[in-house]
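This briefing is intended for reading alongside the sequence and the coordinates.

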Amino acid sequence: MRVSLRWLEEYARLVLPPEALAQRLTVSSAEVESVERLGGWGPEVQVARVLRVEPHPNADRLRLVTVDLGGEDRPRVVCGAPNVAEGQKVVFGRVGARIVDGHTGKPAVLKSTSIRGVVSAGMVLSERELGISDEHEGIVVLPQDAPVGAPLDEYAGDVIFEVYVAPNRPDMASVLGVARELAALTGQPLREPPSAIVPSGAARTGRVTVRIADADLCFRYVGVLVEGVRVGPSPDWMQRRLQSAGMRPINNVVDITNYVMLELGQPLHAFDRRQLRSGSVVIRRSRAGEAIRTLDGTDRVLANGTLLICDGDRPVAVAGVMGGEDTEVSPDTTDVFLESATFAPSSVRRTGAALRLRTEASRRFERGLPPELAMAGARRAAHLLVELAGGVVREPVEDACPQPRAPVRLGVSLARVERVLGIPVGRDESAEVLERLGFTVEAADEGVLRLTVPYWRPDVRIEDDVAEEIVRMVGYDRLPSQTLAGRVPAPDEDPVRDLRERLRLRFAAAGLREVMTYSLQSTDGWTAAGDTGDLTPLRVANPVSSEHEYLRLSLAPGLLRTLAPVLRLRRARVGLFECGRRYLPRRDELPDERETVCGVLAGERPDRWGSPSGESLDFSDARGVVEQVLSGLVDGLDLEAAELPGLLPGQAARIRAGADVIGRIGRVDPRVAGKFDIAVPVYLVEVDVADALAARAGPGAYRPLSRFPAVRQDVALVVARDLAAGELRRAILETPLVVSARVFDVYEGAPLPHGKKSVAFALELQAPDRTLSEDEAQRALRRMIERLRRQFGAELRGG
Amino acid sequence: MAAIRNVEEIRDGALAALAQASDRAALQEWRVRVLGRKGELTTVLRSLGSLPEAERRVVGAAANAARDVLDAAYTERAARVEQEELRQATERERVDVTLPGRPLPAGSLHVITRTLADVLDAFRSLGFWVAEGPEVEWDEYNFTRLRIPEDHPARDMFDTIWVDYTRPDGRRPMLLRTHTSPMQVRVMERRQPPIRVVVPGRCYRFEATDATHEWMFLQVEGLAVDEGVSLADLKGTLEEFARRIFGRERRVMLRHAYFPFVEPGVELAVDCFACHGTGCRVCGATGWIELLGAGMVHPEVLADVGYDARRYTGFAFGMGIERVALIRHGIDDIRMFYSNDVRFLEQFPGV
């Protein structure tokens, strides 16, 4: 909300400079988001009256203007503005005034100049020259109440606070509310604006009765009939204040309703009495299909149950949101029916949302206004209608309030306040600061304050609310910084998180860079990787853009999209990974959020200098990553060739830990990679953290080291080409005395027969309890080869 | 005494030859030639038997003396040669230590991961444990149970991305959490006080992206509930946190703020580590950097999970990790974090 300090000053003396006031409000009441200064023109810029306008002897478009500055001095200057006229109040800049150059837009100092032979000692200024706007067609014409000779700073200078109004503080959406806070914070008295009215006589146009049909949505409706008003422009001071708050002046009646809304926070509406034909105002819910043309000229069909103000049965306003066009105040209106009501906040909010119409009024109602304010607003507006529009208030003031409420009383224990704040605040000090805020302290005994909450503070309902009032008034600086005492609770365990964090570190240690990509993807995004089978992702109803519409089922698309530009930048090995969630939909439940670690690898192995070596990464690099990140974390790590969606058949596998599948690995199908503009082989490694957790290895048990030497022996076995080396190795490791078997070569081609390959193993044989003899080792190997021959048709190469 | 002369000649000749031997092979050759089994001196010694006894004694003594001299000379020469060879080898194998190392694959952790780890470590050391919760949430947890019922104007504080899922009653109850605060309720539902927990996680807002706003962000929620937890404890706990992250001499300032699920509610600022409170570019000339929102858990939130709100009090806070990282590293655009420009990632190498 924009709050003018000039306006504020009417209700409370401002004893601090604007920046200090803004700081006090921000710390204790409501954030001042910006401080805007109007003015600073200096003493050389003054209000002046145009005495004479004469033609310039040497130029048709220029004129000579003589101005009155209230003293002896009556300067005559050359003026080119088409709108200058005798009798006007204008802004005059003397020589030496700091202005904005009308042509260049740059700061300048006014000098005495001769224009076409006539000396001009000063200037009548435009808005552009005052730095207010870009308007340079004509000069500024001030209202007639501007005092001749006064510095413009004095007359029009102001400071505007942009105050953030929290949803729980309806009072702060008003100048008086902000003034009340400032007065309390600086210990100044508050001057409330006058609102006395003297209703006299019965209505000439007939009484307008008020009936609330739906009391659950309308808590109070105050109606005041003001007859005999003269519609015209409102006074300059009121127009200026409306403008300072960002509102456009319309006419005195409408301006008064807006002015009181800004001043007190109570929205009002003025009906043309003549257009309320039935003389009976009914507040009720709408029926199916009802419609209204609102003030902005829009025909609106109302949702069933919208709260309406009706003239008899005819809707004339959408309650709390906007009035209807055909009952609005017009230039020839003479009698006004003023509405000041309290509507249920949720109803106004729903209606505003349904109509996509949020107004200054509806925003205030949404926060929940106190019914007491409806009467205060009605009286203040009626007072101004009498003062400024010449009306007469008629009897009776209509006041429908089906369930009047009592003021809120609270017993606040000072012990509770201390419990919440951590420091004691004394009884007298507490009472004092609360009274400054408008609380009535009825009694303070036995450590309990008995309070009445002021009606404009609907946010204060419990003791802890009062604790907040106290601490924001005595200052947060009084709180000591202390650390938690008491018992440190035993933590909840989160083994999935623990394992994920280990994997995160291990992926980085394996030479992959961590990235973070968005959880939401485009339609193309989630289908492009082709790796999610028949699953359909959750869609969001209001995506921030079509790029982010579906909750991801796979981390692959985000990673491939991130990888592509990197590969355009460099050819040497790139590894990226992400730790994040996949969101697997479940019927009528929150999705299963699967913690996943996924990596992609591409490019050429670097040479000694880190330059691309020309040798592309291959499946073995990806497998190397799997082995490094999972070794010791899961038991029985192994790969099982499989056809998996999105991965190239023949270069894809499930990652297994014993019987459990815990992830996948493979080369991304080149057609998929192509969709991401990647032309080189890309390998993907993915681990599902919860699945890996199920296969989590124990802490590991120590096995005594053998004191006896091992016999090392290399064997090359010729087997069918399609026999998996892993299967052969498993069989080898079943051989007694063989303690390790490492593949060190695989060979195909001549002189081996077609369809065969040779797999070479480096074996270690060892006995736990003795030095193995060469004979014993050879016997074991012969038995092993014999068994492999029977099992796989394996032959010893060169044997 | 030709034999004696012979011994002396052999000795002098061998010493001269030894001086010429400049490598290991020449030394070896010399040793075999002079001192070996068939060497010159050995031959002399072998031939002693054929000499008369008097001469034998004299020549024998001379030959033995010569042998000792040559042995010693050899040892000295060998040491010299070895040292010289070592010197040459060292010279040959000298490396340019300023050349780049043979590259290992360069892995790294995201700067947000590292910032988060530091933040969590700070709270762990104060006795907090770490929990995580669902990113896709029910309206009930994200709003209603935090005292933000439907049609409440406070909902405007949280522009929400809703999941396209409608119940038969026409309600749309599923959303992407707008903050980590629903985990306050989830943690309290499954445990009794005392509680000290921090909850990191992704959150989402329906928001246009610019240099200071992202629609996806990482938040850390904090919650401490016990008998006697107060606003002063909140201040002290967060001050200790700020000191760990931004430097020991930091001070914090509380100011009033409104969040429906706390009472009192505050915002916490830390004095600027760059200008120490005098005002600069980092803090926007105010001397203070706004860090997070916090407050005392509203007693109705406590009562809603079945806690005795007269007996227990608690504080809660929520902070954006991106903001911590922006401030800490002087990054000027929040969009850097999730656009993953590799040049950005490479500015934060390692783990």
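This is a predicted model: local features need pLDDT of at least 70, side-chain atom pairs count only at pLDDT 80 or more; totals for chains, interfaces and linings use all residues.

In which sense do S1(B) and S4(B) pair, parallel or antiparallel? The two strands pair in the parallel sense, over two bridges.

- Seven strands of chain B form an open sheet with mixed pairing, in the order S1-S4-S5-S9-S8-S7-S6.
- The edges are taken by strand S1 (129-130) and strand S6 (252-256) of chain B; each has a single partner strand, so one side of each lacks a neighbour in the sheet.
- Within the parallel pairing of S1(B) with S4(B), Trp129(B) has Val197(B) of S4(B) as its bridge partner.
- S4(B) also pairs with S5(B), here in the antiparallel sense and over ten bridges; Arg196(B) has Ala224(B) in S5(B) as its bridge partner.
- Strand S5 (residues 216-226) of chain B runs antiparallel to strand S9 (residues 313-320) of chain B, and eight bridges join them. Glu221(B) is bridged to Gly318(B) in S9(B).
- Strand S4 of chain B covers residues 195-204, and ten of its ten residues are buried.
- In a regular strand, side chains alternate between the two faces of the sheet. On one side of S4(B) lie Ile195(B), Val197(B), Val199(B), Gly201(B) and Cys203(B), and on the other Arg196(B), Val198(B), Pro200(B), Arg202(B) and Tyr204(B); both faces are covered.

**Helices of chain B**

- Helix H2 (residues 24-35) and helix H4 (residues 53-92) of chain B have axes that come within 10 Å and cross at roughly 170°. An angle over 145 degrees counts as roughly antiparallel, and H2(B) and H4(B) are therefore roughly antiparallel to each other.
- H2(B) contributes Arg24(B), Leu27(B), Trp30(B), Arg31(B), Val34(B) and Leu35(B) to this contact, while the residues from H4(B) include Arg67(B), Leu70(B), Asp71(B), Tyr74(B) and Glu85(B).
- The contact of H2(B) with H4(B) consists of eight nonpolar and seven charged residues, with no polar ones.
- Helix H5 (residues 111-124) of chain B has 14 residues, which at 1.5 Å a residue should span 20 Å; the end C-alpha atoms are 20 Å apart, in agreement.
- Buried residues of H5(B) include Val111(B), Ile112(B), Leu116(B), Val119(B) and Phe123(B).

- The axes of helix H2 (residues 18-28) and helix H5 (residues 175-186) of chain A come within 10 Å and cross at roughly 95°, which makes H2(A) roughly perpendicular to H5(A).
- Leu21(A), Arg24(A), Leu25(A) and Ser28(A) of H2(A) meet Val178(A), Glu181(A), Leu182(A), Leu185(A) and Thr186(A) of H5(A). These residues divide into five nonpolar, two polar and two charged.
- Strand S16 (residues 269-272) of chain A has His269(A) and Phe271(A) pointing one way and Ala270(A) and Asp272(A) the other, all of them buried.
- S16(A) pairs with strand S23 (residues 336-343) of chain A in the antiparallel sense over four bridges, with Phe271(A) opposite Phe337(A).

**Phe365(A)**

- Phe365(A) is located in helix H9 (residues 360-366) of chain A and counts as buried because its relative accessibility is 3%, where buried means under 20%.
- Residues touched by Phe365(A) include Gln266(A), Pro267(A), Gly320(A), Ala341(A), Phe343(A) and Val348(A).
- Asp621(A) lies 256 residues from Phe365(A) in sequence and 65 Å from Phe365(A) in space, C-alpha to C-alpha.

Note on methods: Residues are numbered from 1 along each chain as its sequence is written. Chains are lettered from A and ligands numbered from 1 in the order in which they are written. Side-chain values use heavy atoms; hydrogens and water are left out. Axes are lines fitted to C-alpha atoms, for helices over the stretch in contact, and angles run from 0 to 180 degrees between N-to-C directions. Angles under 35 degrees count as roughly parallel, over 145 as roughly antiparallel, 65 to 115 as roughly perpendicular and the rest as oblique. Contact means heavy atoms within 4.5 Å. Ala, Val, Leu, Ile, Met, Phe, Trp, Tyr, Cys and Pro count as nonpolar, Asp, Glu, Lys and Arg as charged, and the others, Gly among them, as polar. Two strands pair if DSSP finds at least two bridges between them. The expected span of a helix is 1.5 Å times one less than its number of residues. Buried means under 20% relative accessible area, exposed over 50%, partly exposed in between (1.4 Å probe, protein chains only). Lists of a residue's contacts leave out its neighbours within four places in sequence.
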